[in-house]
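This report goes through a structure step by step. Please look over the sequence and the model shown here before reading on.

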There are 2 protein chains.
Amino acid sequence: MCIYCLVSRDLTRICQIGLLCAILRARKVVGARVQHVGSNTISSTSSHFSFTVDAVCAVTWARAGTIQTPHGAIRTPIFMPVGTQASVKSLSPADLHEAGAQIILANTYHLMLRPGSELIDTLGGLHSFTGWDSPILTDSGGFQVFSLGHLRELSEEGADFKSHLDGSPHLLTPESVMRIEAELGADIILPLDICAAYPCAPEQARAAMERTHRWAERALIAKERYRPEQTLFGIVQGAFEPELRDESARFIGNLPFPGLSIGGLSVGEPKAVMWEMLRHTTPALPRDKPRHLLGVGSPEDLVIAVGLGMDMFDCVLPTRVARHGGLFTARGRVNIKTARFRAESGPIEADCDCYTCRNFSAAYVHHLARVGELLYYRLGSIHNVRFMLRLAGRLRETIIDGTYPAFRDEFLARYRPASEQVREDQREKWKLAHQNERA
Amino acid sequence: MCIYCLVSRDLTRICQIGLLCAILRARKVVGARVQHVGSNTISSTSSHFSFTVDAVCAVTWARAGTIQTPHGAIRTPIFMPVGTQASVKSLSPADLHEAGAQIILANTYHLMLRPGSELIDTLGGLHSFTGWDSPILTDSGGFQVFSLGHLRELSEEGADFKSHLDGSPHLLTPESVMRIEAELGADIILPLDICAAYPCAPEQARAAMERTHRWAERALIAKERYRPEQTLFGIVQGAFEPELRDESARFIGNLPFPGLSIGGLSVGEPKAVMWEMLRHTTPALPRDKPRHLLGVGSPEDLVIAVGLGMDMFDCVLPTRVARHGGLFTARGRVNIKTARFRAESGPIEADCDCYTCRNFSAAYVHHLARVGELLYYRLGSIHNVRFMLRLAGRLRETIIDGTYPAFRDEFLARYRPASEQVREDQREKWKLAHQNERA
């Protein structure tokens, strides 16, 4: 029976009326059943997507789960390397598989501009295009429109912007994003949302959240025109207002999204604020849907956020800091370019099982990084991606065997994070480097 | 019995007197035997190096051979990818093995400056440092001193120069180069030589050649202090004077070098001039020693030079043009960035067996190249390196089965080389890019 309208007899599906019914329920307009019209049933996500909670932590909100997608299973907690332009920078699909990647993320904004979603569709979608045969998640492009594009106008219709590449005009609406993501063909897709800046006035935060909610409903309906094998996650917003975070979690959590992404965090706020927002978000989320913390993060972020109930993570940080010489170790981030590695005949980290550490000395990696050899970018990225994925796997193990809280505390006691100042400096440096790239 | 002095009884070795004797013979000072003093015998290359001619072409000077080194065999004709700074740009040792590389070249000049030959020695030599377990050849650094460094003074002693990196002063002598190359630990090493510019006045050409000859003798003697497992090739010079080429080939060919590199070509002269010089060089070379054409070249160069008796080739061209979008096909070089590849769902070349063509569409490679993704540099380089090595393998097959002349003619009829103008433009562009890198 349809889980929303309680009328449709097909237990594996939600009829279109059921979908609308759920939207209306979330709007608190109707609370119960809706009359069914005809037999126009639609595919539910359940035949193409499922999430099972395999274990929960008795002390924290951490859980271990399994997501099933058309391109295979994902064991959570999981880190998703980011392939902004249909390539995780410097890594091949084989490199990613060897590093233990189970799912990667690609950016709709970049791909709609180059090479274009229609072309990727013609070439069989992102899996065929990139040669990555495991799950893919695409974001909605909204975040990049706000952070990269020259935004011309934000209206109820959508976001009118000019490309950061050539100034060409584009319009993203909740509906066009569904079409574009259908053309890209990822397993998990996200709806257009509005990511408020930090800091943000409460009334702006509410307005952005409410529009995000309306866009979520439009996306749900629009998505039904496209690929049933794709699963649309909802995006929770609410900026930095605890009550808005709670409200958004309930609203989006009640819509028929099989999974949820937590947006609007890690946009410049102090870490403590981010964790505080998660504390107000997680309890309001349905327990049976996977939770994706958008754009997070560093190793320590992963360890903490798992305890706050998050299952999925994506961030360019591991590959980006690697390209600048920052490599993760159990004791914190090191800079491979420093003199201490010049004559180090052992690997970057003694017990690391990554391809780089198994095959090359730290001295060689140091040399490649210092002289700017292209091979360095790959070897450094492999190390950091493997670090994140081994960490995610270790978190899963500790959740299953009941030792997550101890592991978390030990990890955080040992791991020296980059200071806020270092982070700020790096952010500026990257921004500059990025501007130069574009110039 | 020593093959030079005919006195020493050890057939596998040349005694030091034998070595000197050979040098004197080449100088035409003595023609026959020299009295032996003591039992101070030296290792011959023959226990660590051998060259066998497997087949010769009945029509041209082409031959197929096998070189044995301490790190394995090399089937000739062979192309050697260049790992300037101890890395073939963007490629890992595994990539090189998969592309069929049998031997790579590394540049002494770059490595003596960064990370330093002493450090590489401490770390077990280039094989251990890079993880490349097959043969390696190092050049002498001379060419880079003349083309990159700020040369301060060239004297009979050696070349006094300032590093192009930090202006630090360095002196390369025939003796110091032997020490540096011993520290680097390649299988095949080259002596310091003087590469004349094009064009070059005949008297300058002679002076450079004669000093190169004197340095070759000093290198032979100095080399005896270091690793017997390394094989020192001689370098033939003579600029663009046919009689000097002939003279240098005879002089260097008569010295106890187990192999010979032909230097001073491909330095800006028209291709026809290069081939003319080879026509005057090859007949004067001993037939039982492998011949390495330094710094050459393009696919068509390889095909032509094999017919002129060359066995080994090295050049940055295949990897460098790949990084700029130029990819080799049987019909000539194509630019992967051009629109014709935008929607090409097939590989770069239909029957190419390289990793790139087996795994990715031309459209994806085109996209990566257009947006400047790091993965492009690797995929493009793999394609071109594999092209060169498949071509070398094909040349070997045709020499063995007697069809080389027909293959050469068919290849050259089909393959459209980059025009001299395109080459000149590219050279300028690269020079500029290189200057920017250094800035």
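Two strands pair if DSSP finds at least two bridges between them; strands (E, at least two residues) and helices (H or I, at least four) are DSSP runs, numbered from the N terminus. This is a predicted model, in which local features need pLDDT of at least 70 and side-chain atom pairs count only at pLDDT 80 or more, while totals for chains, interfaces and linings use all residues. Residues are numbered from 1 along each chain as its sequence is written, chains are lettered from A and ligands numbered from 1 in the order in which they are written, and side-chain values use heavy atoms, with hydrogens and water left out.

In chain A, E18(A) and E19(A) form a hairpin with two residues between them. Four antiparallel bridges join E18(A) to strand E19 (residues 332-335), and A:Leu327 faces A:Val334 across the pair. Strand E18 (residues 326-329) is covered on both faces, with A:Gly326 and A:Phe328 buried on one side and A:Leu327 and A:Thr329 buried on the other. Buried means under 20% relative accessible area, exposed over 50% and partly exposed in between, with a 1.4 Å probe and protein chains only.

A:Gly332 is part of strand E19 of chain A. A:Gly332 counts as buried because its relative accessibility is 2%. Apart from neighbours within four places in sequence, A:Gly332 is in contact (heavy atoms within 4.5 Å) with A:Leu327, A:Tyr415 and A:Arg416.

## The open sheet

Chain A also has an open sheet of nine strands with parallel pairing, in the order E13-E12-E8-E7-E6-E17-E16-E15-E14. Strands E13 (231-232) and E14 (234-236) of chain A are at the edges with a single partner strand each, so one side of each has no neighbour in the sheet.

E14(A) runs parallel to strand E15 (residues 260-262) of chain A, joined by three bridges. There A:Gly234 is opposite A:Leu260. Helix H9 (residues 242-254) of chain A packs on the sheet and touches E14 and E15, its direction making about 170 degrees with that of E14(A). Axes are lines fitted to C-alpha atoms, for helices over the stretch in contact, and angles run from 0 to 180 degrees between N-to-C directions.

## Two copies

Chain A can be laid on chain B with an RMSD of 0.0 Å by a turn of 180 degrees and a shift of 0.0 Å along the axis, which is the relation of a two-fold axis. The superposition is by least squares on the C-alpha atoms of residues with pLDDT of at least 70 in both copies.
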